[in-house]
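Please keep the sequence and the structure in view while reading.

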Amino acid sequence: MIRLALAELRADRHLWIGPLMVAAMAAALIAVSAAHWSASASPQVAAAAARAGMTVAEVRGAAYVLYVCTGLAAVVVLSTVSSATIDALRVRIARWRLSGAQPLQVGLVILTHMLALGVAGTTVGCVAAALAADPVVDLLVHASTGESDVVDATPDLAVVAITLVLTAGVCVVGALGPARRAARVPAVQAIRAPASSPRGMSVPRWILTGLALLGVAVIIAACVAIAFALRDSPELVNAGATMAINLGVAITVTIALAAPAGLSVMIRFWSAVVPARLSPAWFLARHSAAHRITHSTAAVVPLMIGASLYGILFSVVDTFRVALGAAGSAAEVNTLDTYLVLTPPALLTAVSSVAVLLLNAPARRREFAVLRATGATLWTMLVMAASEAVLYALTAIVLALVSAVGAAVAIAGCIAVAGLPFAPALDLRQALALCGATLVAMTIAMTVPAVRAIRSDARETLAPE
């Protein structure tokens, strides 16, 4: 079985470049976060914190955003890419079944692939972390204590072990469900189906979605409790900011979990603003995105996570700024550390969304070949590809807006009780910039299969079908 897994990895190595890059980026972020946590326990950091009138717990708390953003991005991205990779391998999996492989054997081979992906990604990511950990940790410690070059934060064996367990573990756990479904699908159906189109969510995912909704309710209750406490203790406004960020993150997690159930309906609903008679290419794009819900979800959710992280943090900061300005204070809020902490996870989510589209390139080439054979023009095919990328990016930013609004309203309510004006403010400039840059990359990833289908012989492209 191991020999089969290795042979298939070599045969499909072009499909693993994108997932490997995503896993390596996730592992690097995890390793840097673990290195900061480990370095924070050193006597040097404890002494620097004491000189600044802080505790080690407060130094670690200063990197709270880094931990939350890294963990959320890594879990969602690795799970999503694992699922999309398995879906891209459906034809090869069907050939295993036709050659006599049992469902259990197929599942084990797939999980071996995911484990190898996690190990390889951890190796590359830890090498990158060894170069980046020192300056990043020094920056975080300096932001907390005001001192630089306090400790050597090069990842040690413990950090590497933690990174390996988390990266490979999330890859394998995220692949369990898709591997089980792929192993049980009849071979003929797997070969003929152009893409999987699940009709709903699994029971465990419904349970997790319910728990996430419960978490949102609990955090809202905590925000209300903090708001009441602020009447007597205005210094608790920082706790209110933390809970507002937690609320935004909880809303983001809930949306990500419920995406397979509602994303198809949402795409069909809002994209209907453009009638089919005005743009046949838009009509084809919206139905393709709604039908390929597995890949649509895998493309939208990571980008939504990145845009949400930007929207939540900068909306909280902007709400503070607007409230202070309305109260007559000209104080400026430093956001440099926020940019430094959020940008790597945001880039990870953007790369993941593009990697998912690249994974689906072979199936898209066949789809464009069918359109070409039915008389579609070059312009129609290119506009369709670009329109589908626009659908993904706009859907991501609309969903991110929900999380940003929740966080902004929560912090505005808390600071209003503390005596400042109630002035929720949204700052989506960074989120829009991320989605815009990702849109360009998505458009390229979507149009390349269209161009290849146009240049190649349609009969050769469709022959595997």
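Leaving aside its neighbours within four places in sequence, with which residues is N246 in contact? With those neighbours set aside, N246 is in contact with Y64 and I219. The residue is found in helix α11, and N246 counts as buried at 18% relative accessibility. The model is a predicted one, and the points below are grouped by topic.

**Overall make-up**

- The chain contains 18 helices and zero strands.
- Of its 465 residues, 49% are buried.
- Among contacts between residues at least 6 apart in sequence, 85% join residues at least 24 apart.
- The accessible surface of the chain is about 20,700 Å², and carbon and sulfur atoms account for 69% of that surface.

**Confidence of the prediction**

- The mean pLDDT of the chain is 79, and 86% of the residues score at least 70.
- Helix α16 (residues 378-417) has the highest mean pLDDT among the elements of the chain, at 88, whereas helix α18 (residues 458-462) has the lowest, at 55.
- Over residues 193-198 the pLDDT stays under 50, and the model gives this stretch 13 contacts beyond four places in sequence.
- Where pLDDT is low, the predicted coordinates should not be read in detail.

**Nonpolar cores**

- The largest nonpolar core comprises 74 residues, and those with the most contacts inside it are I305, L342, I411 and M442.
- Helix α13 supplies the largest share of this core, with 16 residues.
- Leaving aside neighbours within four places in sequence, I305 is in contact with L72, A73, V76, T252, A256 and T349.
- Another core, of 29 residues, lies apart from the largest one; A23, V109, A183 and A355 are among its members.

**Aromatic pairs**

- A pair of aromatic rings is described by the distance of the centres and the angle of the planes.
- The structure holds two aromatic pairs.
- In one of them, the ring centres of W270 and W282 are 6.3 Å apart; the planes stand at 75°, so this pair is edge-to-face.
- This pair links distant parts of the chain, with W270 in helix α11 (residues 237-271) and W282 in helix α12 (residues 280-291), 12 residues apart.
- W282 is buried, its relative accessible area being 11%.
- Y310 and F314 form a tilted pair, with 6.0 Å from centre to centre and 40° between the planes.
- Because Y310 and F314 are four residues apart in helix α13 (residues 293-326), about one helical turn separates them.
- Both partners are buried: Y310 has a relative accessible area of 8%, and F314 has one of 3%.

**Cysteines**

- A disulfide is a covalent bond between the sulfur atoms of two cysteines.
- How many disulfides does a search of the whole structure find? The search finds zero.
- C223 counts as buried at 8% relative accessibility, and C414 is buried with a relative accessible area of 1%.

Note on methods: Residues numbered from 1 in each chain as written. Predicted model: local features only at pLDDT ≥ 70, side-chain atom pairs only at ≥ 80, totals over all residues. Heavy atoms only, no water. Phe/Tyr/Trp six-rings, centres within 6.5 Å; stacked < 30°, edge-to-face > 60°. Helix = DSSP H or I, 4+ residues; strand = E, 2+ residues; numbered from the N terminus. Buried < 20%, exposed > 50% of the residue type's maximum accessible area, 1.4 Å probe, protein only. pLDDT = per-residue confidence, 0-100. Contact = heavy atoms within 4.5 Å. Core = buried A, V, L, I, M, F, W, Y, C linked by side-chain atoms within 4.5 Å. Disulfide = S-S within 2.5 Å. Areas by Shrake-Rupley, 256 points an atom, 1.4 Å probe, with all protein chains shown as cover.
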